[in-house]
Amino acid sequence: MFDPDIAPSGTLLGLLQRGRGDGTLHALAAPRAEALAALHHCVLRDPRRDWQVENRSLYYARLCLDLDAGLDEIEQHLFHPDDLVDDDEERTGLALSVLGHLAAYGRSDALRLLRRYAAAGSNWEWALDELALRDDDTGLRGLAPAILAHFPRTPDGDAELAAVVRGAYEPRPWRLWADDPDHGPRVRAAAERGAFDRWQRQLRPSGPRPGWSVHDILLWAQREHDLKPDARRPDAAARCLAAVAGPEDRPELLAAAASAPDAARAAALRHLAEIGDPEVLDLIEAAVTEPDASQLVSQAALSAFERMRSIAALDRARIWAHRPDALGDAAAAMLSCRGGQYDSPLVLAALRRTVRAEGPDAQTLWTLVDGAGRLTISCAAPVLRHIYRETASSHLRGRAARALAATDPSFAAGFAVECLWDCEESTREVAARHAATADARVVEQLRRLAADPAEEAEVQTAVRSRIGPEAPGF
């Protein structure tokens with residue numbers, strides 16, 4: 001996770017960094033040199049705020065094909081001297097994924113570049129995964145000597161090899177190499193060792209185990225948190241409490257939720273929220289609003305409240321939703337997910353308040369945007385259009401598109417058209433179901449998506465529902 005430098009949304013670079021469909025359309029209309037410069041900037045400097053969940057690779061690969069882009073810049077980036085000292089996946093992952101899609105589209109130069117990098121690059125595992133999906137058996141077998149050379153024939157090297165084989169995202173290359181007469185014995189031994197290590201861990205788990213009483217579990221949660229603050233022991237302790245706590249333990253749990261040390265208090269709050277204790281809402285409010293409450297306790301209280309499903313929790317959310325703090329945000333999120341139509345004013349007010357205070361990239365907007373669409377709040381359309389244009393998160397933009405489809409009558413002839421070129425497949429699916437076909441570009445792009453083997457099945461299903469034999473205009 002990192003915070004990239006995103007250009008303004010009205011520029012070509014800003015559109016491409018966001019993965020908007022308008023980015024592709026503007027790039028195809030711009031001077032080719034300018035479009036290529038912006039494209040390479042995005043591919044070589046990953047613009048995603050969370051590269052593990054946001055999609056860009058297919059989007060950029062398709063634009064590479066449309067612009068007939070060469071691979072010199074990507075090659076220089078992959079084999080830059082920085083690759084010898086910086087093995088962070090974020091530096092090369094997007095470029096390698098783009099090459100993988102280009103190889104799938106038949107670009108042999110991309111396939112050759114992937115093979116070279118897999119043999120010599122620091123992020124060779126990512127490149128190997130891309131090749132496992134696209135390369136033939138001969139090409140993969142030729143990589144065995146270079147890949148296995150990463151692991152010296154020592155006990156430590158063999159252990160590292162076993163770990164890599166066990167955790168391989170795409171096992172196809174390792175299965176091929178296991179049948180190789182030269183490298184097979186070592187690869188098979190690594191696979192067997194990995195399986196044995198997994199069996200040993202399952203047979204003799206080494207994790208800590210609390211005593212089997214409420215008091216012991218709370219003590220264990222606090223002790224383990226003191227030793228490993230990032231281990232999320234309160235969550236595990238809450239699950240244990242669900243198995244052992246009875247009515248006779250309620251006084252002790254209420255006392256712990258009110259004033260116990262942080263980890264024990266967090267565990268008690270979550271457990272009481274899950275069983276719907278009548279006093280837990282007051283305890284949650286106190287945990288969030290106390291001036292000296294720790295972040296662990298306040299976050300645990302908010303999380304416990306968000307998981308509640310009772311009518312009492314909804315009623316309390318309607319009271320808290322006016323608050324301009326984290327408790328108000330959690331209450332508005334609950335109303336967005338489970339509130340009724342009469343809660344629309346509260347959700348809309350929270351949506352507007354969050355955009356004004358935190359901008360179009362606030363994490364709390366995700367649920368509020370969904371709520372605006374679920375409740376069909378037509379007055380929210382101007383705010384949703386602003387979020388759609390300005391957010392740097394392609395996931396949030398996709399949520400805004402779905403909400404606009406439910407709230408904005410102009411969506412079909414407006415944003416839905418550009419969404420057909422969006423980087424997120426879920427956004428393209430929304431566009432395929434709603435984009436007005438009066439625009440000739442829509443018909444052409446729908447046909448292209450239907451015929452593209454790289455397109456997701458959900459998108460193609462949506463497209464075919466629009467361009468079937470009975471569909472007008474096709």
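1. Glu 455 and Arg 62 form a salt bridge, with their closest N and O atoms 2.9 Å apart. The term means a side-chain nitrogen of Lys or Arg within 4 Å of a carboxyl oxygen of Asp or Glu. Glu 455 sits in the loop between α28 (440-451) and α29 (457-466), and Arg 62 sits in helix α4 (residues 57-67), so the pair ties together parts that are 393 residues apart in sequence. Helices (H or I, at least four residues) are DSSP runs, numbered from the N terminus. Both Glu 455 and Arg 62 are buried. Buried means under 20% relative accessible area, exposed over 50%, and partly exposed in between (1.4 Å probe, protein chains only).

2. A note on the source: this is a predicted model, where local features need pLDDT of at least 70, side-chain atom pairs count only at pLDDT 80 or more, and totals for chains, interfaces and linings use all residues. Residues are numbered from 1 along each chain as its sequence is written, and side-chain values use heavy atoms, with hydrogens and water left out.

3. Arg 107 pairs with Asp 109 in a salt bridge; the closest N and O atoms are 3.0 Å apart. Arg 107 is buried, at 16% relative accessibility. Asp 109 is partly exposed, at 26%.

4. Glu 429 and Arg 433 both lie in helix α27 (residues 425-434), 4 residues apart, or about one turn of the helix. Their side chains meet in a salt bridge (3.5 Å, N to O). Glu 429 is partly exposed at 22% relative accessibility. Arg 433 is partly exposed at 42%.

5. Salt bridges also link Asp 282, Glu 285, Arg 316, Arg 323 and Asp 325 in a network. The count of salt bridges comes to 34.

Definitions and conventions
Helices (H or I, at least four residues) and strands (E, at least two) are DSSP runs, numbered from the N terminus.
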